[in-house]
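These notebook entries record, in order, what I looked up in the structure shown below.

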Amino acid sequence: MLLAKSVASDLIDTLTSKTVDGIVHSVFDNACNIQLDRNRLVTLISPKLPNCPSAIKLDIAEDQKLYSIGFKTGMKSVINKDEIKMLKVFISIKLTGAKVWDSSPLFLRSKISEEMLNENIEKIRDLTLKYGEIEGIASILDGDEVDNNYKYFIIDSVKKLTKGIKYNDYKMITEASKGLIGLGPGLTPAADDFLLGVMASLYYIGHYFDNYLENLKKIAGFIIYDLPGRTTFISEIMLRNGMKARFSEPIRDLMLAVIHNTSVQDKCINLLNIGGTSGSDCAAGIVFGGALMARVKILK
Amino acid sequence: MVLKYLIRENSYYDSVTLMIITREVKKIEGVKEVIVGMGTELNKELTGNLNLLTPELQKITPNDFFISLDSVDDNIAKKAFAFVDELLSKKKAESEDYQPSTFESALKYMPDANLVLISLPGKYAVREAKNALLNDKHVMLFSDNVPLEEEIDLKKLAKQRRLLMMGPDCGTAIINHVALAFSNVIRKGPIGIVGASGTGIQEVTVMIDKLGSGISQAIGTGGRDLKAKVGGIMMIEGLKALQNDPLTEVIVLISKPPDKEVARKVLSILKERQKPSVVYFAGGDPEVIKEYGSVPGLSLEDTARKAVAIAKGMSIKDFTGFTVTNINKIIQEETKKLNKKQRYIRGLYTGGTLCDEAMIILSALVGDIYSNIPLKPEGKLSDINKSYRHSLIDFGDDEFTRGKPHPMIDPYVRQERILSEVKDREIAIILMDFVLGFGSNSDPVGEMIPYIKKARKIAAKDGRHICMISSVCGTEADPQSLIGQEKKLKEEGVIVMPSNAQAVRLAAAIVLSRRNSQ
Amino acid sequence: MTRINELFQEELKIINMGLESFNENLKKQNVKTVQVDWKPPTRRNKKMLSLLDKLK
């Protein structure tokens, strides 16, 4: 019997007293994805990983690998708000008593100047180019000189997205996203991580400029309008959560640092440490989204 | 143009593994283009743009993994996929073959790194070395072509932060018994070394090992440390560290002739503590060394012998002779085989300090020596590709290595040279060093043997014998087999001496014996 | 007692920048080492907002 350390708040709605079926989708060193249906995911994570939406953090040793606990792709399980039970193998996870990790956004009033805000966004750009992995699409931060296939492929779509958001052209936004979602290497394709970063800036920096939440939600909604079938299941869930302003701890912490001018460098490095190119691609999106919001300010 | 693809349905691999796969496959020679990812519409579209899409790939879904690549031939494609299979089956979140692209990301990966080994082009190397020092890491800087001013800045910075700054132009160091760059595998023991010379350190450590003793540390400082402007910064920091090191009982210093002031400064610091020391300042004045209470080494071998004697509590004696028992017989026999015209020595060296040592010994015994790195300006060869009278060539010097690998790795230049040397009817002796250890060619002797054979054939055509003398700088624990290397030489009729100094003395003895018999 | 003496007490963990053969040789000696896949730096001195201008 394993214990859960914490459960993401968005799962509290997903997991009720009703028991549902789930199948193990994929297993890694530090994470195990269980798919409940087309739209629902529960990710079991090691204490080593930062909290994120749809995740349950297990109370195990940090260097305990999840696949060595016995999780295997295709394994069946049953899940409710109290327990996850794997069928055919003796693994179950007790959820009652676990803490709740709030995955909803933290919009707090900021008192920093616009100049400071811009500086912080610039800082993320510099750090990403210096410390990040630029083989996904993060190299887009370096201007439009082409240095890899992905960058070349998405330049036009990124320009379109920028324009679409600036001029409130929903059709353009959706078109642009169609040229981005699913592109790139990774289980969460690089362009998806980028869009996640754009959405993070949309919300947090949009909030700094006093935009109405409804407006921001609308735009985010159009970014992922044509989502189904375009990318991996894991990435779909990630983008859906992003559309609802639910981001992983490193992303949220970085946005808060930018808005409140607290240890931007540390939080940025934490983000850059994630995955292969995921953290860097996301940081690139944050920079883009941030620059855009700073330019446009109020979105109607 | 060979297109090959791989599909793994419903398969998920972590991002770091995928990143490594992409990077590594791109590096394989013959792979023109590769795309790795999940089967999303856009990835498939991009794949199509790259002309890497097949009907099977078209059918896959976003939850399927694929790789598609274009290579020059089928073998390359097979090789690439075998490699991918291996990586995918490892299923580790972080492969040990991960190669971060910057120093900073390397630090992320290995935050407890304590030494940075840099062999980048000179102008970039300085920046990286400085960065490493500022991040509190010790540095070994193999690169040369670093301006003297920058070397001084780096060493001052290192001293301030109390770190090692070995180099620039530091080719050899053995720290905590790890052979760094070009170094040998040496037994553990009580002798600590600080050297401003790569092959100097190699010859001394190898000799110490051959004599049954061992070393605690061998710190390299780079060739210019004892120049006036640099002031011996690193040699001083190194020797202080050895003075404080409980495992070091005897200290050895090695360098080419240092600036006089710097020499005194260094020697006076040696004097401060109680540990006995042996100092080899090539061609330097032994009296000055004695003045400061250290023991002067008369050759690299002599330095090693004295250090070992001190470590074993035995008496110290100058050694300028031979340890080979039938040496007189060898001298006589070789002398007889040479004809009247043959009188010159040609040294073909890969190790700079060994060449230096040879020149110092020979010039005292047989007269003027010419070289590309002469002891005196008058000794400089007008054409370094053409020997004149007694000539010793250092093939590792800049003039030979510009744009080419070092002769310890690639023997090409020396191979060609031995063939042109034997055409000279006046040459009597060819001297060669063979340096083993990590960094060196995997079979230095094997590479030269065909050319030694050919050289003998050329000389034999007009009835000439060429006396060939060698020493092999290596230990039995080195990646190349010392005994095997020596055996190959002996089978070709090359006289193998136990040290460079003895090889050189033998050459001199033969020349002198010939002069006397004429 | 300097950091150099401290280094003498530690296990060597090396970052190798440059010749891969040096890295291979360290691995043969069972030393923990990481090879940096080094490339010369690119120019990065563009202001962020003008980046957006460039993309217009």
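**Entry 1: a strand pairing between two chains.** I first looked up B:Leu117 and found that B:Leu117 stands opposite C:Asn16 in β1(C). Helices and strands here are DSSP runs (helices H or I of at least four residues, strands E of at least two), numbered from the N terminus. I noted that β4(B) and β1(C) pair in the parallel sense over 4 bridges; two strands pair if DSSP finds at least two bridges between them.

Before going further I recorded that this is a predicted model, in which local features need pLDDT of at least 70 and side-chain atom pairs count only at pLDDT 80 or more, while totals for chains, interfaces and linings use all residues. Residues are numbered from 1 along each chain as its sequence is written, and chains are lettered from A and ligands numbered from 1 in the order in which they are written.

**Entry 2: the sheet around that pairing.** Which residue is the bridge partner of B:Leu117 in β5(B)? I found B:Met140 in that place. Strand β4 (residues 115–118) and strand β5 (residues 138–141), both of chain B, pair in the parallel sense over 4 bridges. I then traced the open sheet of 5 strands, whose order is β6(B)-β5(B)-β4(B)-β1(C)-β2(C), with parallel pairing. At the edges stand β6 (165–166) of chain B and β2 (32–36) of chain C; each has a single partner strand, so one side of each is left without a neighbour in the sheet.

I next looked at what lies across this sheet. Helix α2 (residues 20–28) of chain C lies across β4 of chain B and across β1 (13–17) and β2 of chain C, running at about 165 degrees to β2(C). For such angles, axes are lines fitted to C-alpha atoms, for helices over the stretch in contact, and the angles run from 0 to 180 degrees between N-to-C directions.

Entry 3: I recorded 3 helices and 2 strands in chain C, with the elements running α-β-α-β-α from the N terminus on. Of its 56 residues, 29% count as buried; a residue is buried if 20 or more other C-beta atoms lie within 10 Å of its own, exposed if 12 or fewer, and partly exposed in between, with C-beta atoms placed from the backbone.

How many residues of chain C are in contact with chain B? I found 27 residues of chain C in contact with 36 residues of chain B, where contact requires C-beta atoms, placed from the backbone, within 7 Å. On the chain C side, α1 (3–9), β1, α2 and β2 each give two or more residues. That side divides into 15 nonpolar, 7 polar and 5 charged residues. In this classification Ala, Val, Leu, Ile, Met, Phe, Trp, Tyr, Cys and Pro count as nonpolar, Asp, Glu, Lys and Arg as charged, and the others, Gly among them, as polar.

**Entry 4: chain A and its contact with chain B.** I recorded 11 helices and 9 strands in chain A, and buried residues make up 52% of its 300 residues. I found 27 residues of chain A in contact with 22 residues of chain B. Both α3 (114–131) and α4 of chain A supply at least two residues of that side of chain A. By class, the side has 9 nonpolar, 13 polar and 5 charged residues.

**Entry 5: two helices of chain A.** Helix α6 (residues 190–208) and helix α7 (residues 213–223) of chain A have axes that come within 10 Å and cross at roughly 170 degrees. The two are therefore roughly antiparallel to each other; angles under 35 degrees count as roughly parallel, over 145 as roughly antiparallel, 65 to 115 as roughly perpendicular and the rest as oblique. Among the residues making the contact are A:Leu195 and A:Met199 of α6(A) and A:Leu216 and A:Ile219 of α7(A). The contact has 8 nonpolar, 1 polar and no charged residues.

Entry 6: I looked up A:Gly285, which is found in helix α11 (residues 278–296) of chain A. Is A:Gly285 buried or exposed? A:Gly285 is buried, because 30 other C-beta atoms lie within 10 Å. The C-alpha atoms of A:Gly285 and A:Leu195 are separated by 5.9 Å, although the two residues are 90 apart along the chain.

Note on methods. Two residues are in contact if their C-beta atoms, placed from the backbone, lie within 7 Å.
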